Amino acid sequence: MEKRELTFNNVTKKYKDITALDDFTATLEPGIYGLLGPNGAGKSTLMKCIADIIRPTSGSILYNGKDIYAQGAKFRNIISFMPQDLGFYPSFNAMEILHYFALLKNVKLDKEQINQTLDNVNLSEYKKKKVGGFSGGMKRRLGIAITLLNDPEILILDEPTAGLDPEERVRFKQLLADMSKDRIIILATHIVSDIENLADNILFIKKGKLIDTIKGRD
Amino acid sequence: MNSIFSLIKMELRKLFSLRNSLIFIALLLLKVVIWNMTPYTEYDFSKEVYGKYIDEISGEMTADTDTFIEKEERRFDELFSKQEEIERKYNNDEITLDEYSDFNFELVKAQNELPAFNEIMLKYEYFKAISSDSKSPIFFYDLDISEYLSSLKIDYLFVVFLVFVIMFLLAQDKDSNMHEMITPTIKGRGYLINVRLISSLIFTLIFGVMSACGEFLLFLNENGTSYLNMKLYSIEKFGSCDYNLTVFQYIIAVYGIRIFWSLVLVAIIFLTYKFVKNNISSIFIVFTITFIPLLFDSMIKGVCRNALMGIQLSGVSVLENSVHMSLLAGIVTFLIALALMNYAPSKRIRNR
């Protein structure tokens, strides 16, 4: 199997006179990476650059040596992104939302598989309930289910445990740990306890700059 | 293939929401109110007298029609020419008061009938002129149908409804905070835009037909169906129409053109939103594009006028200046919008 490597070369993102990312350089290999930093550090900006929601002002991001933006849909096929601000069409129920995203991610999912997916995130009993009535935690769990649909090689999660109860947090961390062997998982949070004993590497970001990288649980 | 149909179905579900359906029903009710409040056209002749003349000569032109017209012309000529003489005779006591009153009664009646008869004469002359082109025009009571056909222009209420519904569809991802999950998916960009365009076109077609049927039913309710098979050229106002259509075919053609341009408008809405990504600005731009041709209508000449008549949807103008130019303009606009939507770089969603 081709070695998976996500490389950031001097990635900078500026908004008028604000530098959200400043010369960010790093190479990520399969494993869990925690992005730690205060609010406004540039974590979300970095994640959105990887997810191609925004583009850097300068620099490049390569996956397996190829520019991710040049790859286009091919790269989007192997990534999954869960943003910090999560929402869904309020008139759709959980099953319909999953089905909708399965179609967008080009994943064939029958009814049984949808049920199983919802079961994995403890949402089976709410599958027919309209998501407009979901709590923040329920939406987060649905978001997690969606990000795992296409079995991505790169998983980008922005504050994934926000709104989850302690039991769900443990469950979620276990899920990530099981998946991390051959996947690049990038987890952004400002809560240290979310990534201790989970992340293989922790990247400290402040004012758009990579301040330090330390080994995590190993 | 199944996935595109499934996605189209889900997008249609968003479009055919309860809210949109209720708004459409309100729109139809508003049309009923406007229909009932719209004043009838004021004519400078009596519609009743006109109707009586039509009853006399209804049907194709025959020798009897010629005879009747000549007889009426003579009646009017004699009455008006005798007026002075009767006045003189009465003043000289050569006729009685009763005789004088009878004559005046006939005179007033004739004066009341003359404007309607003049209208019939115009129609008669027109019929004689076109009969030489191997057409067989028919006399029938055409005032109401003529008014209705003249009123078939752009459906402003429907255009407004369409703009708002589709704009909200396009903005829904951002409003629901879903755009950051959708955009990074493999089909979350150009593919999804095209799916939404197809869904919006289907929505427009269905609601466009329903809106047209609503109007047509209002007309039928008041006027019945007897006119529908009449040849359009039997209505003088529409005599310059290029096409040999019945009244019903003409109505279908105009509604069809109206729906066609609604579909083109959908593409324009999509294109505008792709570049502007802002509801208020997009609505403003689309309304400007839609209604500018109306403002400068009289200034536009020649080929451009023919093309833009489709937007104004003045049925007479479209069908008398060759509908091909209008349809061609619409198709070209649609294709350009489609190409730009898919291949032009768009404004990225900002991180704010």
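Chain B and chain A bury about 3100 Å² between them, with 61% of that area on carbon and sulfur atoms; buried area here is the accessible area (1.4 Å probe) that two parts lose on being put together, summed over both. This is a predicted model, in which local features need pLDDT of at least 70 and side-chain atom pairs count only at pLDDT 80 or more, while totals for chains, interfaces and linings use all residues. Residues are numbered from 1 along each chain as its sequence is written, chains are lettered from A in the order in which they are written, and side-chain values use heavy atoms, with hydrogens and water left out.

Where the two chains meet, 28 residues of chain B are in contact with 35 residues of chain A, contact meaning heavy atoms within 4.5 Å. The count between the chains is 15 residue pairs in polar contact, both residues at pLDDT 80 or more; a polar contact is a pair of N or O atoms within 3.5 Å, of which, within protein, one must be able to donate a hydrogen and the other to accept it, and residues adjacent in sequence count only if both atoms are side-chain atoms. On chain B, the elements that give two or more residues to this side are α1 (2-15), α7 (156-175), α8 (179-182) and α9 (190-223), and α1(B) gives the most, with seven residues. Helices (H or I, at least four residues) and strands (E, at least two) are DSSP runs, numbered from the N terminus. The residues on the side of chain B that touches chain A divide into nine nonpolar, nine polar and 10 charged, where Ala, Val, Leu, Ile, Met, Phe, Trp, Tyr, Cys and Pro count as nonpolar, Asp, Glu, Lys and Arg as charged, and the others, Gly among them, as polar.

Three salt bridges are counted between chain B and chain A, a salt bridge being a side-chain nitrogen of Lys or Arg within 4 Å of a carboxyl oxygen of Asp or Glu. In one salt bridge, Glu96(A) pairs with Arg13(B), the closest N and O atoms being 2.8 Å apart. Over all chains the count comes to 22 salt bridges. Asp155(B) and Lys31(B) also meet in a salt bridge (2.5 Å, N to O), and this pair links distant parts of the chain, 124 residues apart, with Asp155(B) in the loop between α6 (143-150) and α7 of chain B and Lys31(B) in helix α2 (residues 18-37).

Chain B is itself divided into domain 1 (2-39 + 152-343) and domain 2 (47-138), with bounds that come from an automatic or database domain assignment. These domains bury about 670 Å² between them, 55% of it on carbon and sulfur atoms, and Tyr233(B), Ser234(B) and Glu236(B) supply 81% of the area that domain 1 buries against domain 2, more than any other three residues. Six residues of domain 1 are in contact with nine residues of domain 2, and the count of salt bridges between the domains is zero.

In chain A, four strands form an open sheet in the order β2-β1-β4-β5, with antiparallel pairing; two strands pair if DSSP finds at least two bridges between them.
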